[in-house]
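User: Please show me how to read local features in a structure of this kind. I would like the general idea and then the case at hand.

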Amino acid sequence: NRSYSVTISDEYSLFFANCVPESSVSMEIHTEFFNLNRDASRNYLSSGHTNLPALLFLFSFAYFSFFLAFSLYPRHVSKRSLERIHLLMPQLLLATGLSHLFAALDMHHVKLTGTHGWDVFFFNFDLIRVVLLFSVVILVGTRWTFLHPLVRERGKKVLFLVIPLQVLACCAYSVVHDTGPYIINWVTWNQVFLLLDLISCFAVVFLVVWSMRSLRKITEGEPAAAMKFSLIKRFNLVVIGYLFFTRFVMFAFKTVLSYEYQWVSNLVEETATLVFCIAMFYVFGLLEKDEYSVIGDEEEQVSEIVVKE
């Protein structure tokens, strides 16, 4: 039963290594890592994560406010402009707000006690959030045609591929988050999570690029149609930029960031996600006359021909 006093501020880990070949060691061990607050109370979060509970509470409040504003707005809009996609959008905001709320509660519980208390609720709502986010992005990026009688087969296949992959990725993330390198195959679970997430993102990028290609064929020689679908093209580029930023730029940023400022990476990533949602909801939200969501019969016929090609 030993205690080690840390005199130099840094990030520390504890490892046990068995160097005797073909031998096993069994033990029961209890470890506690903590920092001391100014009032001498224990803080079981690392210095780079101690600000996360307040940060997550702040973002949960932002998403709940966003949810209320978006839910109350349809009262001032004609019901003709209400699409079924608009029923998924507030559900995404609510699930995101609940995910951040339970994440904040769980981090606060860890900060006080050193153990998780709300992680089950967090993982459940985070899974719903991820599924709804990818569904809304795919549906909006393909002009909501999944919600029309004519369904694009290629886009539907991508949607049915991405959703199960994200479910599996969330399961792998829960294993990685709740455990550590001390369990067998922890590194494999971490690699599985990253691989599934990247495959999902590449599938969405493929669909976005293919959608832009089909839209380019549809709008050739049609100035009015080109103006109508220019917004979709810009949104598709925003989707690609968002996925690239959150998967690659943030990975590099977290790698070079000092351990004391790891919370800054969470702030940047959450801000980018919130800005992306605001832009998507603003552009494709409820309008009195949404000319971007209305698809004429001729355009549907041309789109069907392009899809078959």
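**Reading surface, helix, core and charge pairs**

Analyst: Start with I29, which lies in the segment before β1 (35–36); strands are DSSP runs of E of at least two residues, helices runs of H or I of at least four, numbered from the N terminus. This is a predicted model, so local features need pLDDT of at least 70 and side-chain atom pairs pLDDT 80 or more, while totals for chains, interfaces and linings use all residues. Residues are numbered from 1 along each chain as its sequence is written, and side-chain values use heavy atoms, without hydrogens or water.

User: Is I29 buried or exposed?

Analyst: Buried means under 20% relative accessible area, exposed over 50%, partly exposed in between (1.4 Å probe, protein chains only). At 60%, I29 is exposed. I29 belongs to a nonpolar surface patch with V6, I8, Y12, L14, F16, V25, M27 and F33, together about 970 Å² of accessible area. Patch members have over 30% relative accessible area and no salt bridge, and nonpolar side chains (Val, Leu, Ile, Met, Phe, Trp, Tyr) are joined within 5 Å. Areas are Shrake-Rupley values with a 1.4 Å probe.

User: Which residues of α1 are buried?

Analyst: They are L52, P53, L55, L56, F59, S60, Y63, F66 and F70. Seen down the axis, these fall within an arc of 155°, so they line one face of α1; the arc uses directions from the helix axis to the C-beta atoms. The face turned away from the buried side carries exposed A54, L58, F61 and L68.

User: How many residues does the largest nonpolar core have?

Analyst: A nonpolar core joins buried Ala, Val, Leu, Ile, Met, Phe, Trp, Tyr and Cys residues through side-chain atoms within 4.5 Å. The largest here has 49 residues, and V204, V239, F276, M280 and F281 have the most contacts inside it. Helices α1 (52–72) and α7 (262–283) are among those that each supply at least two of its residues.

User: What does D197 form with R247?

Analyst: Side chains of opposite charge can pair when their charged atoms come close. D197 and R247 form a salt bridge, with the closest N and O atoms 2.9 Å apart; the criterion is a Lys or Arg side-chain nitrogen within 4 Å of an Asp or Glu carboxyl oxygen. D197 lies in α5 and R247 in α6, so the pair ties together parts 50 residues apart in sequence. D197 is buried at 11%, whereas R247 is partly exposed at 21%.

Terms used. Patches are made of residues with over 30% relative accessible area and no salt bridge: like charges are joined within 9 Å, nonpolar side chains (Val, Leu, Ile, Met, Phe, Trp, Tyr) within 5 Å.
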